[in-house]
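Welcome! Here is a friendly tour of a structure, taken topic by topic. Keep the 3D view open beside you as you read.

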Amino acid sequence: MFIFLGDMLVMAFMIGLAIWLGSRGTKEALDRTSRIPLEDED
Amino acid sequence: MEAAENKIYQDKIVIRLIQFSVVWAVLAISAGVYIAAELVWPTLDFGQYWLSYGRLRPVHTNGVIFGFGVSALMATGFYSVQRTSHVPLFAPRLAWFVCYAWQLIVLLGALSLLAGWNTTKEYAELEWPFDIAIAIVWICFGVVFFGTIAQRKIKPIYISNWFYGALIIVIAMLHVVNSLALPVSIDKSYSAYAGAQDAVVQWWYGHNAVGFLLTGGFLGMVYYFLPKIANRPIWSYRLSVVAFWAFVYAYIWAGPHHLHYNAIPEWVQSLGVIMSVILLAPSWATLVNGVMTVSTAWEKLRTDPALKFIVLSLAFYGLATFEGPMMAIRSVNVVSHFTDWTVGHVHSGALGWNAMITYGTFYFLVPRLAGRELYSTRLANIHFWLAFAGTMLYIIAMWAAGVSQGLLWLSIDGLGELSFDFKDIMASMTPYYLLRLIAGLVFLLGTVLMAYNLFMTLKGQRAVKVAPPAVDPAYGVNA
């Protein structure tokens, strides 16, 4: 039971972390980053 | 002269790694075809130990995963990390050491397997001297990769580098922990773990080698080369970031699904099932992202063989990442485990996903690196259909064989005894094994065509010199 509860807590933390990391950054900054492979050669 | 060389991307090493990767693909797939033939005609080992199935099978898997796969990941990782960081490779001499030392490990490792050196751990068969060498070279690979990122000229670290970075860090961790052993001679060691613990550690390694090398590493390839080939940015960069973290977190727990109905605690097996099913979300997030990225470039599919391979690889990626979690569910696993269904599943990933994405990337990269058109687009298109046909035939044959085996083995009579003899069940598999052999030959033929096509494209050419572009101040490390 404790192992299960511990696992659920870790899972909740990681889901929260993924959502937090995914929500960081402005749309403009993410759009600019997504264009890196298209603008990386002279 | 040296100063000028320092200002261009280090692409000669990329070409050399692609060449090694293609050579390993031909050799390792040939070994696979040979052992497929041995399953139809067992006397093909001619009484020689080194030609036996038990010795050739790990040569096939090690050659495909570590020779073909890792060389391709090193090549594409080195190519993309330079460009997404806007700097040439960090420590190029160390990178060359990594390139050649890795090939030497795979070559000598294959010879040691033929000689009978074997830890008996799947995908970690090489004995302790090779384990130490692998750890050293892998750390050097990490130094080159992360050193390049550390000296980058632009602030954001593009998503492909997160996947390649996770590949390097997690594989180092898995390899070192799983390989801990007590050597008793040059060719023999005993694992530091015993019994069920050994099994749990082995499948923590085995499953995550599939996860972080054969899935994560190749996702790095998708996130860089798909936008590049389609000439469109990834559909949702935010989704790719969420998918990365969810993928990294979920995958590491899923290994115990390889040990259902074994002597490990039931809650560990259940945890493996839960995390495997959760994995569907990040896996398909990338699938959706990839398909949506290419959805505005369908017209290129008609003319660009590289894009054809990559789009088909995404379809097989979707198939394999759906099938995997389903096979992790205990009531499905009771049928599929220890049958050829597992072999079919692995090959829908290895042929349909890993090989196709790599072939597509090579068809894109080699002409660019050589500074000329692909030698023959027609040959590449023929290769595409051979690869598609070979993969489909392979997995359909193995699905049919596996489901038959699973159901026949579960069949018991009124007295509770097996309805069918194991030997008779295996004898009835011959038609499926023959189909699998034909499928392997078709796939191998396509790979040989690609090797010839790429060789002719590169023949007499030197790597094109490409310099990093000027850095947009908005991107700059000091922005």
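Predicted model: local features only at pLDDT ≥ 70, side-chain atom pairs only at ≥ 80, totals over all residues.

- Most residues other than glycine have a negative phi.
- Ala91(B) is not a glycine, yet its phi is positive, at about 50°.
- Is Ala91(B) buried, partly exposed or exposed? Ala91(B) counts as partly exposed because it has 15 C-beta neighbours inside 10 Å, while a residue needs 20 or more to be buried.
- Asn231(B) also has a positive phi, of about 60°, although it is not a glycine.
- You can find Asn231(B) in the loop between H7 and H8 of chain B.
- Asn231(B) has 12 other C-beta atoms within 10 Å, so it is exposed; the limit for that class is 12 or fewer.

**Chain B as a whole**

- Chain B contains 17 helices and 2 strands.
- Its radius of gyration is 22 Å, close to the 23 Å that the globule rule gives for 479 residues, so chain B is as compact as a globular protein of that length.
- The C-alpha trace of chain B spans about 80 × 50 × 45 Å along its principal axes.
- How much of chain B is buried? Buried residues account for 50% of its 479 residues.
- Take the contacts in chain B between residues at least 6 apart in sequence: 84% of them join residues at least 24 apart.

**The nonpolar core**

- The largest nonpolar core has 149 residues.
- Which residues have the most contacts inside this core? They are Met74(B), Leu167(B) and Ile310(B).
- H7(B) provides the largest share of the core, with 21 residues.
- Leu167(B) touches Leu73(B), Phe212(B), Leu213(B), Gly216(B), Gly217(B) and Gly220(B), when residues up to four places away in sequence are not counted.

**A look at helix H12 of chain B**

- Helix H12 of chain B covers residues 305-328, which makes 24 residues.
- From its first C-alpha to its last, H12(B) reaches 35 Å, close to the 34 Å expected at 1.5 Å a residue.
- Why is H12(B) described as largely enclosed by the rest of the structure? The reason is that 17 of its 24 residues are buried.

**Around the end of helix H14 of chain B**

- Ala370(B) belongs to helix H14 (residues 340-370) of chain B.
- Ala370(B) counts as buried because it has 21 C-beta neighbours inside 10 Å.
- Setting aside neighbours within four places in sequence, Ala370(B) is in contact with Thr457(B), Leu458(B) and Gln461(B).
- Ala370(B) and Leu73(B) are 297 residues apart in sequence, and their C-alpha atoms are 19 Å apart in space.
- Leu374(B) is found in the loop between H14 and helix H15 (377-410) of chain B.
- Leu374(B) is buried too, since 20 C-beta neighbours lie inside 10 Å.
- Beyond its neighbours within four places in sequence, Leu374(B) is in contact with Tyr363(B), Pro367(B), Ala380(B), Asn453(B) and Thr457(B).
- Leu374(B) and Trp253(B) are 121 residues apart along the chain, with 43 Å between their C-alpha atoms.

**Chain A**

- Chain A has 2 helices and 0 strands.
- The C-alpha trace of chain A spans about 60 × 20 × 5 Å along its principal axes.
- Of its 42 residues, 19% count as buried.
- Helix H2 (residues 27-34) of chain A has Leu30(A), Thr33(A) and Ser34(A) as buried residues.
- Seen down the axis of H2(A), these buried residues fall within an arc of 100°, so they line one face of the helix.
- An α-helix has 3.6 residues a turn, so residues three or four places apart point the same way.
- H8 of chain B is included in what covers the buried residues of H2(A).

**Where the chains meet**

- The contact takes 19 residues from chain A and 26 residues from chain B.
- Which helices of chain B each supply at least two residues of the side that touches chain A? They are helix H3 (53-85), helix H7 (195-230), helix H8 (237-251) and helix H9 (266-278).
- H8(B) gives the most to that side of chain B, with 7 residues.
- By class, the side of chain B that touches chain A has 20 nonpolar, 3 polar and 3 charged residues.

How values were computed:
Residues numbered from 1 in each chain as written. Chains lettered and ligands numbered in written order. Contact = placed C-beta atoms within 7 Å. Helix = DSSP H or I, 4+ residues; strand = E, 2+ residues; numbered from the N terminus. Nonpolar A, V, L, I, M, F, W, Y, C, P; charged D, E, K, R; others polar. Core = buried A, V, L, I, M, F, W, Y, C linked by C-beta atoms within 7 Å. Expected span 1.5 Å × (residues − 1). Rg over C-alpha atoms; globule rule 2.2 N^0.38 Å. Arc of directions from axis to C-beta.
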